[in-house]
Amino acid sequence: LADCVRLVRAEQAARNCSLSRTSQNYCPVFSFGGSYPGFLSAMLRLRYPAVIDGAYAASAPVRIYAQQVQQYAYYQVVTRSAERAVSGCSAG
């Protein structure tokens, strides 16, 4: 996640964006992702709220990391989906 922050800050500097949210030259930063990248998007926002203005985490398995569901629930759903898409896929 720290690499993402460095990339954002470099891009903001290249575009002459102000780091002050009250400035006219401020460039808001939003993170988007689905599934595991969605989880990373949400964690990026939680970890770096001064850098990331908002995050959209579609179908992110955040309840697993909050320990609100069984440990392997997410992987079981992914495995079933892969098996439906391509028979034998989950065996490899």
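Predicted model: local features only at pLDDT ≥ 70, side-chain atom pairs only at ≥ 80, totals over all residues.

Student: How many disulfides does the structure hold?
Tutor: It holds 1 disulfide. That bond joins Cys17 to Cys27, with an S to S distance of 1.9 Å.

Student: Where do those two cysteines sit?
Tutor: Cys17 and Cys27 are both in the loop between α1 and β1, 10 residues apart. The element names follow DSSP runs, with helices (H or I) of at least four residues and strands (E) of at least two, numbered from the N terminus.

Student: Which hand does the disulfide have, and why?
Tutor: The torsion about the S-S bond of Cys17 and Cys27 is about -80°, so the disulfide is left-handed.

Student: And are the two ends buried or exposed?
Tutor: Cys17 is buried, at a relative accessible area of 12%. Cys27 is partly exposed, at 27%.

Student: What does Ser18 touch?
Tutor: Leaving out residues up to four places away in sequence, Ser18 touches Ser23, Asn25, Tyr26 and Cys27. Contact means heavy atoms within 4.5 Å. Ser18 is found in the loop between α1 (2-14) and β1 (30-34), and it is buried, with a relative accessible area of 19%.

Student: What lies 3.1 Å from a polar atom of the Ser18 side chain?
Tutor: The backbone nitrogen of Ser20 does.

Student: New topic. How many aromatic pairs are there?
Tutor: The structure holds 2 aromatic pairs. Tyr36 and Phe39 form one that is stacked, 5.9 Å centre to centre and 25° between the planes. Rings of Phe, Tyr and Trp (its six-membered ring) pair if their centres lie within 6.5 Å; planes under 30 degrees apart count as stacked, over 60 as edge-to-face, and the rest as tilted.

Student: Where are Tyr36 and Phe39 in helix α2?
Tutor: They are 3 residues apart in helix α2 (residues 36-47), so about one helical turn separates them. Phe39 is buried, with a relative accessible area of 9%, whereas Tyr36 is partly exposed at 39%.

Student: Which residues form the edge-to-face pair?
Tutor: Tyr74 and Tyr75 do, at 5.3 Å centre to centre and 80° between the planes. Tyr75 is partly exposed, with a relative accessible area of 44%.

Student: Which residues make up the largest nonpolar core?
Tutor: It has 7 residues in all: Val5, Val8, Val29, Leu44, Tyr48, Val51 and Ile52. A nonpolar core is a set of buried Ala, Val, Leu, Ile, Met, Phe, Trp, Tyr and Cys residues joined through side-chain atoms within 4.5 Å. Val8 touches Val29 and Val51, not counting residues up to four places away in sequence.

Student: What about backbone angles? Where is Ser35, and what is its phi?
Tutor: Ser35 is in the loop between β1 and α2. Its phi is near 65°, a positive value in a residue other than glycine. Gln67 is not a glycine either, and has a positive phi of about 60°. Gln67 lies in the loop between α3 (62-65) and α4 and counts as exposed, at 70% relative accessibility.

Student: Last one: where is Ala91?
Tutor: Ala91 lies in the segment after α4 (73-85) and is exposed, with a relative accessible area of 72%. Ala91 and Ala10 are 43 Å apart in space, C-alpha to C-alpha, and 81 residues apart in sequence.

Key: Residues numbered from 1 in each chain as written. Heavy atoms only, no water. Buried < 20%, exposed > 50% of the residue type's maximum accessible area, 1.4 Å probe, protein only. Polar contact = N/O pair within 3.5 Å; in protein donor to acceptor, adjacent residues only side chain to side chain. Disulfide = S-S within 2.5 Å.
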